[in-house]
Amino acid sequence: GRSYCVRTQRMLNQCLESLVQKVQSGVVINFEKSGPDPPPIGEDGLVDSSRPINSFASQPWHSCHKLIYVRPNPKTGVPVGHWPIPESFWPDQNSPTLPPRTAHPVVRFSCVDCEPMVIDKLPFDKYELEPSPLTQYILERKSPHACWQVFVSSSGKYSELGHPFGYLKASTTLTCVNLFVMPYNYPVLLPLL
């Protein structure tokens with residue numbers, strides 16, 4: 001954070017201008033790794049089985065409290081999203097109130113390489129992640145054609161991790177990492193459509 005000591009009207013204007021420049025349009029998300037680390041990748045971009053995997057030592061990229069940029073529509077100036085990030089509970093009609101939740105969603109990611117899925121005429125949402133140890137780790141793997149599925153714990157009725165609602169994927173140019181938000185349990189829904 002920053003603190004400003006404002007003594008004059010002119011300083012107030014300068015401080016406000018400085019703050020406005022730092023404001024990014026986005027949503028803060030807690031990204032947490034679920035399951036084992038991915039196998040290490042060698043210099044040639046292939047899995048390097050000679051290097052050991054240490055899944056139990058905590059790494060900075062295992063847990064990141066970061067922003068996803070929510071870009072406004074260039075024509076209207078209003079951000080457009082089609083799919084929500086799931087809630088961390090299954091709705092219960094008998095419950096008089098909603099359970100409490102954190103201000104920032106906890107999104108868990110699995111380090112299992114999957115095929116990115118999209119189909120024509122079904123919208124998806126794409127948000128760029130703020131640079132972090134997680135984005136750096138994904139970009140260093142140089143795998144722009146693989147993705148890692150994302151989940152919200154307790155979002156499914158019968159499974160603790162819930163079903164995937166999207167994936168993390170490096171851009172094809174390896175300049176940033178994007179969060180793709182799809183319909184809930186999209187690996188089952190998309191083939192049906």
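Leucine 16 is partly exposed, with a relative accessible area of 46%; the cut-offs are under 20% for buried, over 50% for exposed and in between for partly exposed, with a 1.4 Å probe and protein chains only. The model is predicted, and local features need pLDDT of at least 70, side-chain atom pairs count only at pLDDT 80 or more, and totals for chains, interfaces and linings use all residues. Residues are numbered from 1 along each chain as its sequence is written, and side-chain values use heavy atoms, leaving out hydrogens and water.

**Overall layout**
- The protein has 3 helices and 7 strands, where helices (H or I, at least four residues) and strands (E, at least two) are DSSP runs numbered from the N terminus.
- From the N terminus on, the order of elements is α-β-β-β-β-α-β-β-β-α.
- Along the principal axes, the C-alpha atoms fill a box of roughly 60 × 55 × 35 Å.
- Of the 193 residues, 35% count as buried.

- Leucine 16 belongs to helix 1, residues 9-22.
- Val6, Leu12, Leu16 and Leu19 make a nonpolar surface patch of about 300 Å².
- Patch residues have over 30% relative accessible area and no salt bridge, and nonpolar side chains (Val, Leu, Ile, Met, Phe, Trp, Tyr) are joined within 5 Å.
- A salt bridge is a side-chain nitrogen of Lys or Arg within 4 Å of a carboxyl oxygen of Asp or Glu.
- An α-helix has 3.6 residues a turn, so residues three or four places apart point the same way.

- Leucine 129 sits in strand 4, residues 125-129, and counts as buried at 3% relative accessibility.
- Valine 177 is 48 residues from leucine 129 in sequence, but their C-alpha atoms are 5.8 Å apart in space.
- In helix 2 (residues 133-140), the buried residues are Leu134, Thr135, Tyr137, Ile138 and Leu139.
- Lysine 142, which follows helix 2, has a positive phi near 50 degrees.

**The cavity**
- There is 1 cavity of 30 Å³ or more; a cavity is a set of points on a 1 Å grid where a 1.4 Å probe fits but cannot get out, and lining residues have an atom within 4 Å of a point.
- The largest cavity has a volume of about 80 Å³.
- Its lining includes Asp113, Ile138, Arg141 and Trp148.
- Strand 5 (147-151) and strand 6 (166-170) are the elements that give two or more residues to this lining.
- Strand 6 gives the most, with 3 residues.

Technical notes: 1 Å grid on protein atoms, 1.4 Å probe; cavity = no way out; pocket = protein on both sides within 12 Å on 5 of 7 lines; lining within 4 Å. Points joined across faces, edges and corners; volume = space filled by probe spheres on them. Patch = residues over 30% accessible without salt bridge, like charges linked within 9 Å, V, L, I, M, F, W, Y side chains within 5 Å. Areas by Shrake-Rupley, 256 points an atom, 1.4 Å probe, with all protein chains shown as cover.
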